[in-house]
Amino acid sequence: MIKVALDAMGGDNAPGEIVKGAVDAVNTSKECFVYLVGKEDVVNNELSKYTYSKEQIEVVNATEVIETGEPPVMAIRHKKDSSLVKALNMVKNKEADAFVSAGSSGAILVGGQVIVGRLPGVERPPIGAIVPTDKGCVLIVDSGANVDARPAFLVQWAKMGSIYMENCLGIKKPRVAIVNVGLEEEKGNQLVKETFPLLKACDDINFIGSIEAREIPRSGADVIVCDAFVGNVILKLYEGLAGTIISKIKGAFYSNLKSKIGAMLVKDSIKSTLKTMDASEYGGAPLIGLNGLVVKTHGSAKAKEVKNSILQCVTFSKSNINEQIVESLSHMPELTEE
């Protein structure tokens with residue numbers, strides 16, 4: 001059984017949707033055990049609304065909460081009994097195999113590196129966000145952790161992203177591409193120009209060259225490598241555009257009587273199609289390269305995303321991905337900070 005420490009107090013919809021997501025996860029799979037870390041009385045009050053296996057959920061009391069607007073370093077340092085810090089410490093102390101939170105991104109990034117720690121050889125753990133495409137999904141690394149990066153970091157992320165996609169998503173020899181403003185090798189900013197030949201020289205990844213942003217939703221690659229500034233812009237545009245398109249489709253269907261009748265006829269087909277473009281179906285975004293699994297879900301995460309994030313932890317933990325990352329990076333020359 002994979003043990004997941006879930007920050008019950010983190011996120012816009014905590015604790016209600018977080019607790020519901022935990023219940024849905026254990027009711028879906030017998031392979032996960034969830035520690036709901038948060039204010040005991042509040043969490044138990046939410047749990048009382050559901051029927052679930054009592055052998056798969058345990059409440060761990062934490063008296064403090066790290067709010068979204070708090071300075072991350074100060075919050076981690078001074079709120080030792082917060083749900084976020086306490087859950088991360090459970091992963092550090094091997095009481096849990098994974099950590100999931102919809103709380104403060106900054107606190108999760110800082111806490112993940114300071115408390116859980118990095119794997120040997122990993123210089124800058126990236127956030128790997130999975131987004132849907134027309135034929136499946138793609139992993140964007142980095143999508144939020146390192147806005148300033150060096151070429152050697154991107155090479156590490158390409159290796160780690162390939163291992164993740166092959167083991168967690170079952171994609172054999174995932175295609176790796178670097179985000180660029182054109183397909184020609186000589187194009188791009190300084191970071192891209194310096195990184196391209198390093199990726200090209202890697203024998204253990206399937207590097208296919210540059211990719212323009214418009215080709216990402218068209219399944220142009222399986223792993224997209226970029227610094228977090230570029231990655232986060234792509235991710236946020238993706239999310240905003242998806243929401244706008246869905247809103248426009250709904251508006252068109254309900255604009256008049258004729259379109260409403262048409263909507264009733266195609267409702268099931270539209271639902272199944274839109275489900276494939278729902279990022280929450282893939283769970284949260286793991287902070288890859290830590291000495292334990294740390295997963296960040298959206299601050300606005302609902303129960304479905306929380307449930308899928310917990311189930312995602314089961315797949316990750318059983319795939320021995322961290323061991324493969326350490327092995328892969330052991331063959332790279334040691335990186336030194338400038």
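**Figure 1. Surface and overall build of the predicted model.** The protein exposes about 15900 Å², and 53% of that area is supplied by carbon and sulfur atoms. Keep in mind that this is a predicted model. Along its principal axes, the C-alpha trace spans about 60 × 60 × 35 Å. The radius of gyration is 20 Å, which agrees with the value near 20 Å for a compact globule of 338 residues. Buried residues make up 50% of the 338. As for secondary structure, there are 11 helices and 11 strands to look for. Taking the contacts with a separation of 6 or more, 71% join residues 24 or more positions apart.

**Figure 2. Helix α6 against helix α11.** Two packed helices are described by the angle between their axes and the distance between the axes. Here α6 (residues 151–168) and α11 (residues 321–329) pack at about 145°, with axes 10 Å apart, and their crossing is right-handed. On the α6 side, the contact is made by Gln156, Lys159, Met160, Ile163, Tyr164, Asn167 and Cys168; α11 brings in Ile321, Gln324, Ile325, Ser328 and Leu329. Sorted by class, that gives seven nonpolar, four polar and one charged residues.

**Figure 3. Zooming in on Met165.** Met165 also belongs to helix α6. Is Met165 buried or exposed? With 0% relative accessibility, Met165 counts as buried. Setting aside neighbours within four places in sequence, Met165 is in contact with Cys137, Val138, Leu139, Gly170, Ile171, Pro174, Asp222 and Val223. Val223 sits 58 residues away along the chain, yet its C-alpha atom is 7.6 Å from that of Met165.

**Figure 4. Two cis peptide bonds.** Most residues other than glycine have a negative phi, and most peptide bonds are trans. You'll find Pro15 in the loop between β1 (2–7) and α1 (16–28). Another cis bond runs from Val141 to Asp142, with omega near 10°. Asp142 is in the loop between β6 (137–141) and α6.

Figure 5. Lys94 isn't a glycine, but its phi is positive, about 65°. Look for Lys94 in the loop between α4 (83–92) and β4 (98–101). Its relative accessibility is 59%, so Lys94 counts as exposed. Ser219, another residue other than glycine, has a positive phi near 60°. Its loop lies between β8 (206–211) and β9 (223–225). Ser219 has 11% relative accessibility, so this residue counts as buried.

Methods. Residues are numbered from 1 along each chain as its sequence is written. This is a predicted model: local features need pLDDT of at least 70, side-chain atom pairs count only at pLDDT 80 or more; totals for chains, interfaces and linings use all residues. Side-chain values use heavy atoms; hydrogens and water are left out. Axes are lines fitted to C-alpha atoms, for helices over the stretch in contact, and angles run from 0 to 180 degrees between N-to-C directions. Helices (H or I, at least four residues) and strands (E, at least two) are DSSP runs, numbered from the N terminus. A crossing is left-handed if the near helix is turned anticlockwise from the far one by less than a right angle, and right-handed if clockwise. Contact means heavy atoms within 4.5 Å. Ala, Val, Leu, Ile, Met, Phe, Trp, Tyr, Cys and Pro count as nonpolar, Asp, Glu, Lys and Arg as charged, and the others, Gly among them, as polar. The radius of gyration is taken over C-alpha atoms; the globule rule is 2.2 Å times the number of residues to the power 0.38. Buried means under 20% relative accessible area, exposed over 50%, partly exposed in between (1.4 Å probe, protein chains only). Accessible areas come from the Shrake-Rupley method with a 1.4 Å probe; for residues, only the protein chains shown count as cover.
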